[in-house]
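The stops below go from one selection to the next.

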Amino acid sequence: MKTIKEIQEEIIEEFAVYDDWMDKYNYLIELSRDLPLINTRYKTSDYIINGCQSKVWLNAEYNDGIIKYSADSDAIITKGIIALLIRVLSNRTPQEIIDAELFFIDAIGLRQNLSPTRSNGLLAMLKQMKLYAIAWQAKSKAG
Amino acid sequence: MSYDINKVRNDFPILSQKVYNKPLIYLDNGATTQKPAKVIEKITEFHSVKNSSIHRGIHFLSEHATEEYEKARQKVQQFIGAKNTHEIIFTSGTTGSINTVAFSFGERYIQQGDELIISTMEHHANIVPWQMLCDRKGAVLKIIPITDDGDLIFEEYEKLINEKTKLISVTHISNVLGTLNPIEKIIETAHKHNVPVLIDAAQSVQHVPIDVVKLDCDFLVFSGHKAYGPTGIGVLYGKEKWLDALPPYQGGGDMVENVTFEKTTYQPLPLKFEAGTTNYIGAIGLAAALDYLTETGLSDIARYEHELLDYTTKSLLETGYVKIYGNSKNKSSIVSFLIDNIHPSDTGMVIDKLGVAVRTGTHCAQPLMHRFGIDGTVRASIAMYNTREEIDMLCAAVKKVKEMFG
Ligand SMILES: Cc1ncc(COP(=O)(O)O)c(C=O)c1O
């Protein structure tokens, strides 16, 4: 299995062919369609990460030392970016997620979509993904 | 004389720039307007050769700075037709002005069980300060409902006024719907019950001529940065009788006459409400902006912008898949819309990359979004320098969005 770093490099390569913003967005729209939808059971206010611009729902499950994320958004480009975040961080151990340094966002020019001022829920989602990892890490150590 | 749009555009240096290699189409004027060269030059000149603290020094620079600051106050007075110069208070903006009234009026007049009236279409700046006041005093906030077209329901407004009503605060033009509210009628009705009215003119002072004496409003507030002036400066107009009666909002230097540890006496108006070193350069820049509006002719600007608004509405509707929020017969400069059921954040992100600057989201008016059952809109807001070609580009961008998101 590829490392988090390798997957990020892979994504950067995929985006390298697009020099036009519209192409980049079209690709994100495509990715948003591939995102396994979150179980509607989790599409409630308990799982919502509220951004000013768009809503994001996130669920995490922990089995056999591995965290699996599922997520959704009411905005499509946001959903496309979520698909990338899940591809990078899902199916990993808590330690891998905690240690992950995400450089692909900058590299593919989506930095502004994760800036605190953009408040579209993505930054908060990323934080929440890490928090889940920290929580399960602590639990598994304690247990 | 016809409106010389080319000259106007040339007066705004920022407009000639490109973003993402495309000509900038700035349609986010409801958030803030760009500045004409005259304003920029005035501010630079002041910083370069005239800067000095006002009302304090007796030296050459200070006296001249004070003079210019007070001249700026006169310009504002003339611009909105106030009777007295001392009825013009400089603040940090609309938000600062409303908070001043909410505090000072609240301290003097509001008691438990009293009522205040605002409308469904208010900006958070004209909601939250009143909620805070209500929390402090145990007062109650009443809300004027609106129609699906975005008009205030006048009969409901009349029904809300009673002997407990102490103040009414409504926006002149909605920053989301563009509705131009019938404030003359609102004020007249309130005054029949001896209730004072505050007008939030943040979205109107730059678009329609205002005469506070004719309107007979008790307070009127606006921001410099939305009226082609600098940011960080705003105006609170209040009738002398109110401003005299109200206690100051903030304490500090400049607003006092005599200070001892036992007792402090305050300056008369307007300084009573201008504690500390004010944003005097902002005030002087704002005066330059108002001069610019007057020279260009506010009535001509209003006519030009209105035509452009009609053109925008018509062009967007012609696409067949745009829904406009705010369809009052009386509108100014603002069009809020959604493209089918495409999320406004998706729309905003794509059209940004096409060089079109609009605002997406709730526009600091969440209760209004709840009223329409939506999470947000895309808002194009027009200024004196926008053109039909730019609206065509907006519509082309809207078409592109529709293609991409289906
Ligand atoms: C109607 C209205 N009121 C108040 C405000 C607040 O203005 P400011 O942020 O300049 O204080 C705005 C600005 O968005 C507005 O549109």
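Start where the two chains meet: the count between chain A and chain B is 1 salt bridge. To find that bridge, select Lys55(A) and Asp375(B), whose side chains come together with 3.1 Å from N to O. This is a predicted model, and the tour reads it as such.

**The side of chain A**

Stay at this boundary and select chain A. Between chain A and chain B, 5 residue pairs are in polar contact, both residues being at pLDDT 80 or more. Helix 2 (21-34) and helix 3 (76-89) of chain A each supply at least two residues of the side that touches chain B. Which helix gives the largest share of that side? Colour helix 2 of chain A, from which 5 residues come.

Now show both chains together. The contact brings 17 residues of chain A against 15 residues of chain B. About 1,500 Å² is buried between chain A and chain B, and carbon and sulfur atoms give 58% of that area. On the chain A side, pick out Met22(A), Tyr25(A) and Gln53(A): these lose the most area to chain B, together 36% of what that side buries.

**The two domains of chain B**

Domain 1 consists of 5-29 + 297-405, and domain 2 covers 40-295. Taken over C-alpha atoms, the centres of domain 1 and domain 2 of chain B are 28 Å apart. For their contact, domain 1 of chain B provides 34 residues and domain 2 of chain B provides 32 residues.

The area these two domains of chain B bury between them is about 2,700 Å², with 58% of it on carbon and sulfur atoms. Select Leu298(B), Leu368(B) and Arg371(B) next. They supply 22% of the area that domain 1 of chain B buries against domain 2 of chain B, more than any other three residues.

How many salt bridges are found across the interface of domain 1 and domain 2 of chain B? The count there is 1. Polar contacts between these domains of chain B come to 22 residue pairs, both residues at pLDDT 80 or more.

To see what domain 1 of chain B presents to domain 2 of chain B, show helix 11 (298-318), strand 14 and helix 13 (366-372) of chain B, each of which supplies at least two residues of the touching side. Helix 13 of chain B gives the most, with 6 residues.

Is Ser333(B) buried or exposed? Its relative accessibility is 2%, so Ser333(B) counts as buried, the cut-off being under 20%.

Show the side chains around Ser333(B). A polar contact of 3.4 Å links its side chain to that of His207(B), and another, of 3.2 Å, links it to the side chain of Ser332(B). Leaving out residues up to four places away in sequence, Ser333(B) touches His207(B), Leu309(B), Ala380(B), Ser381(B) and Ile382(B).

Select Cys217(B), which is buried because its relative accessible area is 0%. Then select Cys395(B), which at 6% relative accessibility also counts as buried.

Key. Residues are numbered from 1 along each chain as its sequence is written. Chains are lettered from A and ligands numbered from 1 in the order in which they are written. This is a predicted model: local features need pLDDT of at least 70, side-chain atom pairs count only at pLDDT 80 or more; totals for chains, interfaces and linings use all residues. Side-chain values use heavy atoms; hydrogens and water are left out. Buried means under 20% relative accessible area, exposed over 50%, partly exposed in between (1.4 Å probe, protein chains only). A polar contact is a pair of N or O atoms within 3.5 Å; within protein, one must be able to donate a hydrogen and the other to accept it, and residues adjacent in sequence count only if both atoms are side-chain atoms. Contact means heavy atoms within 4.5 Å. Domain bounds come from an automatic or database domain assignment. Buried area is the accessible area (1.4 Å probe) that two parts lose on being put together, summed over both. A salt bridge is a side-chain nitrogen of Lys or Arg within 4 Å of a carboxyl oxygen of Asp or Glu. Helices (H or I, at least four residues) and strands (E, at least two) are DSSP runs, numbered from the N terminus.
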